[in-house]
Amino acid sequence: MNLNGGLYNEKMITLARESRGLSQTELANQSGISQGKVSKVESGVLTLSENELIRIANCLQYPIHFFKRNLRIYGVGLGEYFHRKRQSVSQKQLSKIYARIEIQRMQIAVLLKSVDIGHTEFFLMDPDQVDGEVEEVARTVRATWKIPRGPIDNVVEMIENAGGIIIPFDFDGLKIDAISMWPSELPPLFFVNMNRPMDRIRFTLCHEVGHIIMHALPPNGECNIEEQADKFASELLMPSHEIGYMLKDLNIGSLSGLKLRWKVSMSSLIMSAKNTGNINPNRARYLWTQLSNAGYRTHEPDNLEPPREKPTMLQQVLQIYFEDLHYTMKDLSFAVGLQENEFKSIYFREQSHLRLVD
């Protein structure tokens, strides 16, 4: 990294450019700086003049001080690395998403410097510690987090009470439900598409909790970590020893009742019943066919949808800045390195055990 006499950090130029979905050529065309120089600047070979930096900042719509940040830049987590190999999206699209997530991670790091959200109850537990029994990991989480028997009433609240932060995130229409990470200096972060059906969001969040807890290291052999995270989520939401007897002799009617109670999709209930041996594969295929014929594989009935669960942690952090630390909107926008209008668009969606740091 080259701070160029304090003028800028070239890695932040790359991050800003990718967050706007621009190639080096596109940035060059918009800024009037040659593509060759843009490339060499991002590589640290050449430096920008102050006037050129202003032109870059105006094109990318970040304040000048955004480019002076000297912070560690993270990549995607292990779960996202394995998941993205199956995604039929361009590298440019993914780079934009990853850059935006990394910039928001930096913003959250700034916000948490003055606000203590308490101790995280997340922990690491490799499935190999329990002979690959992913379900045992899920049961350990339920016990550690003191989750009552039966359905989890509010998954979002459960994660935030355990010290995770859920960030509503716009994935630009890509088929991505969530991306999670656990940076060394922050609590676990969950960037989530909150526009999905609530039963899907609940399962997705539990799937990501599984990645955070189980997949700090690459898997051994042919282990499928996406399959492990699915099994973890299923057991966390529907403990097999509690729901098992309810999954026998399933039909569309009983699936509807179980969905209302357990707040998971009917498709997830069928999968759980099959994986636990409560129905055989033929019965599972028959039920999935019935769901397809009824149009429920893509959209289950709205009247069966669980209540919306809203993240509140970030909004409480912002409230402390405004009410207790007496920041203005302009102050806080500056602190996180955003123009005020973008700060409002990102953080002022309606979203405590928070306290000021002494």
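Is glutamate 52 buried or partly exposed, at 14% relative accessibility? Glutamate 52 counts as buried, because its relative accessibility is 14% and buried means under 20% relative accessible area, exposed over 50%, and partly exposed in between (1.4 Å probe, protein chains only). The model is predicted: local features need pLDDT of at least 70, side-chain atom pairs count only at pLDDT 80 or more, and totals for chains, interfaces and linings use all residues. Residues are numbered from 1 along each chain as its sequence is written, and side-chain values use heavy atoms, with hydrogens and water left out.

Salt bridges are taken up next. A salt bridge is a side-chain nitrogen of Lys or Arg within 4 Å of a carboxyl oxygen of Asp or Glu. The structure holds 19 of them. In one, glutamate 52 is paired with lysine 37, and the closest N and O atoms are 3.0 Å apart. Lysine 37 lies in helix H3 and glutamate 52 in helix H4 (residues 50–60). The two are 15 residues apart, and the pair links distant parts of the chain. Helices (H or I, at least four residues) and strands (E, at least two) are DSSP runs, numbered from the N terminus. Lysine 37 is partly exposed, with a relative accessible area of 22%.

Glutamate 42 forms a salt bridge with arginine 17, with 2.6 Å between the closest N and O atoms. Glutamate 42 is buried at 11% relative accessibility, and arginine 17 is buried with a relative accessible area of 9%.

A further salt bridge lies within one helix. Lysine 231 and glutamate 227 meet through their side chains at 3.8 Å, N to O. They are four residues apart in helix H10 (residues 225–237), which means a separation of about one helical turn. Lysine 231 is partly exposed at 33% relative accessibility, and glutamate 227 is partly exposed at 44%. Elsewhere, salt bridges that share partners join Lys96, Arg100 and Asp172 into one network.

The nonpolar residues come next. In soluble globular proteins, nonpolar side chains tend to be buried together. A nonpolar core is a set of buried Ala, Val, Leu, Ile, Met, Phe, Trp, Tyr and Cys residues joined through side-chain atoms within 4.5 Å. The largest such core has 56 residues, of which Phe67 and Ile165 touch the most other members. Helix H6 (residues 91–111) gives the most to this core, with 11 residues. Another core, of 53 residues, lies apart from it and includes Met125, Val192, Val209 and Met266. Contact means heavy atoms within 4.5 Å. Leaving aside neighbours within four places in sequence, the contacts of isoleucine 165 include Ile108, Leu112, Phe190 and Met313.

Two strands pair if DSSP finds at least two bridges between them. S3 and S4 (residues 189–192) run antiparallel and are joined by four bridges. In S4, valine 192 is the bridge partner of alanine 178.

Helix H9 is mostly covered, with 16 of its 17 residues buried.
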